[in-house]
Amino acid sequence: MAGPAATGLQPGANRVETNRRALLLAIMVCFGGFVFGLDAALVSGTKAYVIESLHTDAIGYGYAVSSPGLGVVLALLVTGTICDRIGRRKTLQIIALLYLLSATCAVLSQNIYQLVAARFLGGLAFASLSVSSMYIGEIAPPAKRGLLVAVNQLNIVFGLFVAYLANYFIQGWVSSDASIAHVLGMDRFTWQWMLGVQIPPSIMWVVFLLRIPESPRWLMLQRRPEEARKVLERLIDSDNVEPALAEIEQTLETDIVHGQGSTAHKLAQMVSPQILRATIIGVVIAAVQPATGINAIMFYAPYVIEQVGVGVDASFLVPVINGVFSIIATSLALVLIDRIGRRTMLLGGLAVAAISLVACSWAFAHATYRIDPAKVAELPVQIDRTELRPIVGKQFASDVQLKQALNQALGVEVAQANEAALLKTATKMDIGLVLFGIAAFIAAFQFSIGPILWVILSEIFPTGVRGVAIPACALITSIVNYFVQQLFPWQLVTFGAASVFGTYATCVTIGLVVLWKMLPETRGRSIEDVAAELAAKGEATS
């Protein structure tokens, strides 16, 4: 267990100043989480507009949504090496510039291929989540590490909320016949307005990152003690600088024995008896987080809500309300994560998430679908009533059967561009149960595995392999996440909403069982202490 010298927390004014400095740095670095949230969620409101403007379908739109997931997979293959070679600070600055370039190119896209390519470029910047948690884990005192790393998650959910709110107002603005946007013809660029919201915050983050110092742990790893000393003097009181440097150096010497060499060698060390248990925990929690389906539900938010049959306006409003729940749940997580512990919060949150997803699956499985003849007149004018006539009044047992009939009657592009209105006229189900289940799932996720994933990854690996281990786990998260996002539209069209939510519930349940058996409590403990305990358990079972 690290002593006061390692934490930098001493009684009195120095403790307050240390916390303030660390919190300020965390906010500046984690502003990238806000940009990530915008990048991830703004595209969720563009479905109908992209399908119509760029002449694609739901699967093509799915490529635009999921392409960042593929970009981050490729980025994380080299992120660890880049972080160890040029440092955490410069890596974050490159990432911020990629966000800005991606947002600009997306707004200027003229076809679906350009949009997919622009968002793929932004996916290269999604590595910011792992690099930010790595950086904060290396500057934060143990007693506040959970709070400061979790700030990243709060910024993400706040970014998601702002994105949903922006989409809601933009959609209402351009759809009103009396709005300036409609009068001036600006409604032709609805999806560009939505994606352009990200550009100003991206510029702000670039500016913020010009003012952060390099990680003192990385500087010591590079044998640059004088620079590390200067950074620590800005983070902790002067009496604790030299003892902190000495402890970091001693820890690094131990870790280098196990972590020296190439990236391949460090990856090999992750399966050594000393580190294997930490690796298993990291891999499991990294895979379970995206396998919950959170990014399909959040990144396709209005599309998901459309399936309930509430219409276009509600499909944009409900994600805003869920965004409020996300902020509340994440704020509670920040308050409680260093009080009641990671393990309790994680397992409790996963249990609630599993129950919520099962409820959604049950509601969709018992839904029926029939286009009410009395409501046909309320459908958008671009829907040909004559082509729709053969299926009006006919009852369908599932959303899959209804969508197949609509695609055949109206054509794929027209049916999918107007899916929200069509489902509103046809769907009969327990809407309240689904909306409550989705809200409960999102809140449970944001209270538990959302922020705790990055906290755990920042705590369980020794410094010598952290530069490779954290990006490697983030790579697993990104790979699973990419397939979840990419497959979601196809799964929804092919198997239906009940099957999709049921699959996510199964994944959550499996993760809950495994982590309940393996995950230790890391609250209030130094990185070195946690690594030592996991190493001892790993050697005992080898």
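Strand E1, spanning residues 368–370, and strand E2 pair in the antiparallel sense over two bridges. Within this pairing, Arg-370 has Gln-395 in E2 as its bridge partner. The structure described here is a predicted model.

The sheet as a whole is open and consists of three strands in the order E2-E1-E3, with antiparallel pairing. Its edge strands are E2 (395–396) and E3 (427–428), each of which pairs on one side only. In general, strands of a sheet pair through backbone hydrogen bonds, in either a parallel or an antiparallel sense.

Two or more lining residues come from each of helices H3 (47–53), H8 (142–175), H10 (190–196), H18 (301–306), H19 (312–336), H23 (412–417) and H24 (419–426). The lining divides by class as follows.

| Class of lining residue | Number in the largest pocket |
|---|---|
| Nonpolar | 15 residues |
| Polar | 14 residues |

Confidence in the model is described by the pLDDT, which averages 82 over the protein. A score of at least 70 is reached by 86% of the residues. Over residues 1–16, however, the pLDDT is below 50. This stretch has 30 contacts in the model beyond near neighbours in sequence.

Technical notes. Residues are numbered from 1 along each chain as its sequence is written. This is a predicted model: local features need pLDDT of at least 70, side-chain atom pairs count only at pLDDT 80 or more; totals for chains, interfaces and linings use all residues. Side-chain values use heavy atoms; hydrogens and water are left out. Two strands pair if DSSP finds at least two bridges between them. Helices (H or I, at least four residues) and strands (E, at least two) are DSSP runs, numbered from the N terminus. Ala, Val, Leu, Ile, Met, Phe, Trp, Tyr, Cys and Pro count as nonpolar, Asp, Glu, Lys and Arg as charged, and the others, Gly among them, as polar. pLDDT is the predictor's confidence in each residue, from 0 to 100. Contact means heavy atoms within 4.5 Å.
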